[in-house]
Amino acid sequence: MTAPTARRAGLCAGRVVAVTGAGRGLGRAHALAFAAEGARVVVNDLGVGPGGDGGSAGPAREVVDEIVAAGGEAVVHGGDIATAKGAASLVSTAVETFGRLDTLVNNAGFLRDRMLVNLDEDDWDAVMRVHLRGHFLPLKHAAAHWRAEAKAGRPPAARVINTSSGAGLLGSVGQGNYAAAKAGIVALTLVAAAELGRYGVHVNALAPAARTRMTERTFAETMAAPGEGKFDAMAPANVSPLVVWLGSAASEGVTGRVFEAEAGRITVMEGWRPGPTDDRGARRSPAEAGETVRRLLADAEEPGRVYGAS
């Protein structure tokens with residue numbers, strides 16, 4: 001993504017935005033896009049490898065330098081947001097550096113793909129930790145800050161954008177840990193939207209499709225860059241405009257929603273809702289239950305296809 005050309009008023013002028021996992025890929029694109037719209041940005045990243053190994057302050061520092069060079073304002077946050085201390089310091093860094101926090105974008109994550117029979121507990125726990133706990137803890141601490149602001153008579157126009165995935169909505173072969181974590185993020189989003197609306201906090205989730213270190217290995221052919229002069233449908237920057245709008249005050253009234261974003265497409269996702277039903281008002285035998293299910297399934301829509309299923 002091209003860096004913002006100059007510090008200017010924009011859709012997020014005056015807002016302070018914290019983006020986790022903002023050193024590369026989607027997070028980097030989001031941070032630059034917010035800065036281009038006038039936001040001051042807290043750039044969180046541990047600089048780990050695609051599987052969560054290692055660590056370096058370099059990627060976050062490069063993003064901050066790019067924003068500052070273009071006339072924006074940004075600061076590095078190197079804390080581990082999957083810990084209470086790191087998540088709390090993400091919020092305090094925003095408040096102490098820029099005087100406020102308006103928007104939280106939960107984006108950090110990595111992959112440890114295995115088929116279920118080969119997936120060990122450490123790989124399960126590590127992915128759950130970074131994706132699910134790494135969403136919960138920043139959300140918890142940001143929400144506590146905004147609740148305190150509301151109770152002090154300073155109701156915020158706060159926004160949270162959580163990052164789910166098509167894997168979390170439909171499933172993905174070889175990604176049981178990742179898919180389960182991303183599905184949990186959707187449920188967390190719905191609960192948070194219901195609980196926090198009274199404090200002026202809107203919470204939405206995004207299932208993006210873009211070329212990142214995680215997807216370019218798993219879906220190499222789909223994520224390949226196009227030839228020169230052609231629209232790069234899988235560029236992370238294609239997703240960021242929706243994130244920026246959801247993170248702005250302009251998204252007033254939009255909360256508890258799940259979106260897909262890919263290339264030039266935005267889709268409102270519609271989740272579980274009652275389909276065909278049969279209530280006989282009495283207990284069934286197992287055979288009768290089976291007969292009812294067969295009849296209902298004949299009238300039901302086909303489920304979405306699991307990614308990678310043969």
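Is Arg 129 buried, partly exposed or exposed? I looked this up first: Arg 129 counts as partly exposed, at 30% relative accessibility. I use buried for under 20% relative accessible area, exposed for over 50% and partly exposed for what lies in between (1.4 Å probe, protein chains only).

**Ground rules**

I note that this is a predicted model, where local features need pLDDT of at least 70, side-chain atom pairs count only at pLDDT 80 or more, and totals for chains, interfaces and linings use all residues. Residues are numbered from 1 along each chain as its sequence is written, and side-chain values use heavy atoms, with hydrogens and water left out.

**Entry: salt bridges**

I found 13 salt bridges in the structure. The term stands for a side-chain nitrogen of Lys or Arg within 4 Å of a carboxyl oxygen of Asp or Glu.

I began with Arg 129, which forms a salt bridge with Asp 80, the closest N and O atoms being 2.7 Å apart. Arg 129 lies in helix H4 and Asp 80 in the loop between strand S3 (74–77) and helix H3 (84–98), so this pair ties together parts that are 49 residues apart in sequence. Helices (H or I, at least four residues) and strands (E, at least two) are DSSP runs, numbered from the N terminus. Asp 80 is partly exposed, with a relative accessible area of 23%.

I then turned to Glu 66, which forms a salt bridge with Arg 28; the closest N and O atoms are 3.0 Å apart. Glu 66 belongs to helix H2 and Arg 28 to helix H1, so the pair ties together parts that are 38 residues apart in sequence. Glu 66 is partly exposed at 22% relative accessibility, and Arg 28 is partly exposed with a relative accessible area of 24%.

Arg 114 is partly exposed, with a relative accessible area of 38%, whereas Asp 123 counts as buried at 9%. I also noted that Arg 112, Arg 114 and Asp 123 are linked in a network of salt bridges.

**Entry: the nonpolar core**

Which residues touch the most other members of the largest nonpolar core? I found Phe 34, Val 41, Val 43, Ile 67 and Leu 206, out of 29 residues in that core. Such a core is a set of buried Ala, Val, Leu, Ile, Met, Phe, Trp, Tyr and Cys residues joined through side-chain atoms within 4.5 Å. The elements giving two or more residues to this core are strand S1 (16–19), helix H1 (25–36), strand S2 (40–44), helix H2 (58–69), helix H9 (240–246) and strand S7 (258–262). H1 gives the most, with 6 residues. In soluble globular proteins, nonpolar side chains tend to be buried together.

I looked at Leu 206 separately. Leu 206 lies in strand S6 (residues 201–209) and counts as buried at 2% relative accessibility.

**Entry: other pairs apart in sequence**

Leu 242 is found in helix H9 and counts as buried, at 9% relative accessibility. Leu 242 and His 30 are 212 residues apart in sequence and 9.6 Å apart in space, C-alpha to C-alpha.

Arg 24 sits in the loop between S1 and H1 and is partly exposed at 31% relative accessibility. From Arg 24 to Asp 45 I noted 8.5 Å, C-alpha to C-alpha, for residues 21 apart in sequence.

**Entry: surface patches**

Patches are made of residues with over 30% relative accessible area and no salt bridge; like charges are joined within 9 Å, and nonpolar side chains (Val, Leu, Ile, Met, Phe, Trp, Tyr) within 5 Å. Accessible areas come from the Shrake-Rupley method with a 1.4 Å probe, and for residues only the protein chains shown count as cover.

I found a nonpolar patch of Met 115, Val 117, Val 173 and Val 306, with about 360 Å² of accessible area together. Val 173 is in the loop between helix H5 (166–170) and helix H6 (176–196), and is partly exposed with a relative accessible area of 40%.

**Entry: a backbone angle**

Phi of Ala 263 is near 50°, a positive value in a residue other than glycine. I placed Ala 263 in the loop between S7 and strand S8 (265–269).
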